[in-house]
Amino acid sequence: EAPDTLAHLARLQYQTGEHEAALGSLERRIQMSQGDENAIDIEVQTRLEMAEISDLGLGDRDRATQQLERASQLAPDAAAVQERLYQFAELHGTWHQLMKVYDQRFDALAQTQDLQGQLDVCMEASATAEDRMEDHALAFQWTRRGYFVFFEAGLGAPDALERLEQLAEVH
């Protein structure tokens, strides 16, 4: 069973309503791809597929969330993962869980000392907190967190400072 064959089998199983079997095939795909030079990419894509099956096929939001979180841990900056997480939160109103994922992304980027990535995550989380959750204190907290990443590194973050001032003024 090659990983691509398992992916095809899983799609067929999903189409015929065999959701648990499809998830099992995809799990085997992940296991078989270990050691492959593209193992992380394969696992990320597979976890996204598993999230879709868990959510749309089984109606199991918790299981879907676990798959999305795992994909995000593997590839914190993958645009497809972040887009799917946001879509999931928008569809199900799981903004608080999305905040946890932002926190995990921030920590992963901190380990690689990606200051700009950390600031970007903070600004994204801040916008989500303000626009989607209407939690202005949380928006301020996230912006402050991003600002201090740059401040502690001896750098300036004028966009974050401007956003902090804007949030403080408005709220």
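The legends below describe an overall view and several close-up views of one predicted protein model.

The model is predicted, so that local features are described at a pLDDT of at least 70 and side-chain atom pairs count only at pLDDT 80 or more, while totals for chains, interfaces and linings use all residues. Residues are numbered from 1 along each chain as its sequence is written, and side-chain values use heavy atoms, with hydrogens and water left out.

Figure 1. Taken along the principal axes, the box filled by the C-alpha atoms is roughly 55 × 35 × 15 Å. Of the 171 residues, 43% count as buried, where buried means under 20% relative accessible area, exposed means over 50%, and partly exposed lies in between (1.4 Å probe, protein chains only). Among contacts (heavy atoms within 4.5 Å) between residues at least 6 apart in sequence, 52% join residues at least 24 apart.

**Figure 2. Helix 3 and the glycine that follows.** Helix 3, residues 39–57, has 19 residues and reaches 25 Å from its first C-alpha to its last, which is close to the 27 Å expected at 1.5 Å a residue; the expected span is 1.5 Å times one less than the number of residues. After helix 3 comes Gly 59, with a positive phi near 70°.

**Figure 3. His 19 in helix 2.** His 19 belongs to helix 2, residues 19–33, and is buried, with a relative accessible area of 17%. Not counting residues up to four places away in sequence, His 19 touches Gln 13, Tyr 14, Ile 53, Gly 57 and Leu 58.

**Figure 4. The contact of helix 4 with helix 6.** The axes of helix 4 (residues 61–74) and helix 6 (residues 95–111) come within 10 Å and cross at roughly 20°; axes are lines fitted to C-alpha atoms, for helices over the stretch in contact, and angles run from 0 to 180 degrees between N-to-C directions. Helix 4 and helix 6 are therefore roughly parallel to each other, since angles under 35 degrees count as roughly parallel, over 145 as roughly antiparallel, 65 to 115 as roughly perpendicular and the rest as oblique. In this contact, Thr 65, Glu 69, Ser 72 and Gln 73 of helix 4 meet Gln 97, Val 101, Gln 104 and Arg 105 of helix 6. Thr 65 is buried, with a relative accessible area of 8%, and touches Phe 88 and Gln 97 when residues up to four places away in sequence are not counted.

**Figure 5. The contact of helix 6 with helix 7.** The axes of helix 6 and helix 7 (residues 115–131) come within 9 Å and cross at roughly 170°, which makes helix 6 roughly antiparallel to helix 7. Among the residues that make the contact are Trp 95, Tyr 102 and Phe 106 of helix 6, together with Val 121, Cys 122 and Ala 125 of helix 7.

**Figure 6. Two loop residues with positive phi.** Most residues other than glycine have a negative phi. Gln 113, although not a glycine, has a positive phi of about 55°; this residue is found in the loop between helix 6 and helix 7 and counts as exposed at 67% relative accessibility. Glu 134, also not a glycine, has a positive phi of about 55°, lies in the loop between helix 7 and helix 8 (136–152), and counts as exposed at 63% relative accessibility.

Notes. Helix = DSSP H or I, 4+ residues; strand = E, 2+ residues; numbered from the N terminus.
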